[in-house]
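Please examine the sequence and the three-dimensional structure shown below. The paragraphs that follow lead the reader through it step by step.

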Amino acid sequence: MKFVMIKKKSITRFFIALFGIFIFTLNLFAFNHFCIIPNVLSISASNENTFQQKIFNLMNQEEKIAYLTFDDGPTLKSTPKVLDILSEENVKATFFVIGKHVKEHPEIVKRAYDEGHYIANHGYSHHNDKLYASANSFINEILSTDVEITRAIGIENYSSHVFRFPNGYMASSYKTKKQEYAEFLSDIDYTYIDWNALNKDSEKKYSNAGLLNNLKESSKNKGTLVILMHDTSDVNETHLVLKDSIQYLKEQGYIFQNFYDLK
Ligand SMILES: [Zn+2]
């Protein structure tokens, strides 16, 4: 009986000790957790005003600001028409240009730049096999596009500092490569941005009314908008609905900015 009592006591002590270790470990985790989080917060708080940080936080903002972004240009068929409408509406936008197209039509990029639009970087070839062939190839796609923009606009060592991944960072294709290579962007003083609204003008199935409706649907109940459109005319012609799109956004209380407003 005595033996059983001692055994019972030992078992109880064992479980109390185990519980103690558990609580101690929990506290350690909590200590680490609460020590690390404020450090991270203080780092991001101190960087809050950098251009990269503003780009990073852009789509979380409540203000009704619309950033129109046009990908895949410049093209002869579309970009000048887009520029004409932006000029008529007094709206400054951002163009994510493809390096090889800049080489073909430098005069269009020069016009966009001179008219106050932000020239951003969409890679040289828009060819995922080339872009993700190696880390060097990835960086080269971005920097060689900057070289073409520099030649086009006549500004020394131009860097847009903003890259958009072809098909977007959020797309599932090449996900691992994108995660890996995105780390290198800060080495060349770059960041990247996707979008949070779009008119789906890269899909074939929409009429002009459908494009406008897609924009309305995708921008519903959102604050700051980064809107994806294309200044190409191989699929849909966004310039045909651009005036109505701008009008709609103005009616919704939006003002228009481009990435220069974040500098
Ligand atoms: Zn693209």
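A residue is called buried if 20 or more other C-beta atoms lie within 10 Å of its own, and exposed if 12 or fewer do. These terms are applied here to a predicted model.

The protein chain contains 10 helices and 8 strands. Of its 263 residues, 33% are buried. Among the contacts between residues at least 6 apart in sequence, 78% join residues at least 24 apart.

Which residues of α9 are buried? They are L211, L215 and S219. Seen down the axis of α9, these buried residues fall within an arc of 55°, so they line one face of the helix. The face turned away from the buried side of α9 carries the exposed residues A209 and E217. The cover over the buried residues of α9 includes strand β6 (197-198), strand β7 (225-230) and helix α10 (239-251). After α9 comes N221, whose phi is positive, near 60°.

N90 follows α3, and the phi of N90 is positive, near 55°.

The discussion now turns to the packing of two helices. Two packed helices are described by the angle between their axes and by the distance between those axes. Helix α5 (residues 106-114) and helix α7 (residues 135-153) pack at an angle of about 75°, and their axes are 8 Å apart. Angles of 65 to 115 degrees count as roughly perpendicular, and α5 and α7 are therefore roughly perpendicular to each other. Where do the two helices meet? In α5 the residues are P106, V109, K110 and Y113, and in α7 they are I149, R151, A152 and I153. The residues of this contact divide into 6 nonpolar, no polar and 2 charged.

Two individual residues complete the account. Y118 is found in strand β3, which comprises residues 118-121. Is Y118 buried or exposed? Y118 counts as buried because it has 23 C-beta neighbours inside 10 Å. Leaving aside residues up to four places away in sequence, Y118 touches T94, N258, F259 and Y260. Y118 and F96 are 22 residues apart in sequence, and their C-alpha atoms are 8.5 Å apart in space.

S160 is found in the loop between α7 and β4 (162-163). Because S160 has 21 C-beta neighbours inside 10 Å, S160 counts as buried. With residues up to four places away in sequence again left out, S160 touches I119, A120, N121, D146 and I149. I149 is also one of the residues of α7 that meet α5. S160 and T191 are 31 residues apart in sequence and 9.6 Å apart in space, C-alpha to C-alpha.

Conventions: Residues numbered from 1 in each chain as written. Predicted model: local features only at pLDDT ≥ 70, side-chain atom pairs only at ≥ 80, totals over all residues. Axes fitted to C-alpha atoms, helices over the stretch in contact; angles between N-to-C directions. Helix = DSSP H or I, 4+ residues; strand = E, 2+ residues; numbered from the N terminus. Parallel < 35°, antiparallel > 145°, perpendicular 65-115°, else oblique. Contact = placed C-beta atoms within 7 Å. Nonpolar A, V, L, I, M, F, W, Y, C, P; charged D, E, K, R; others polar. Arc of directions from axis to C-beta.
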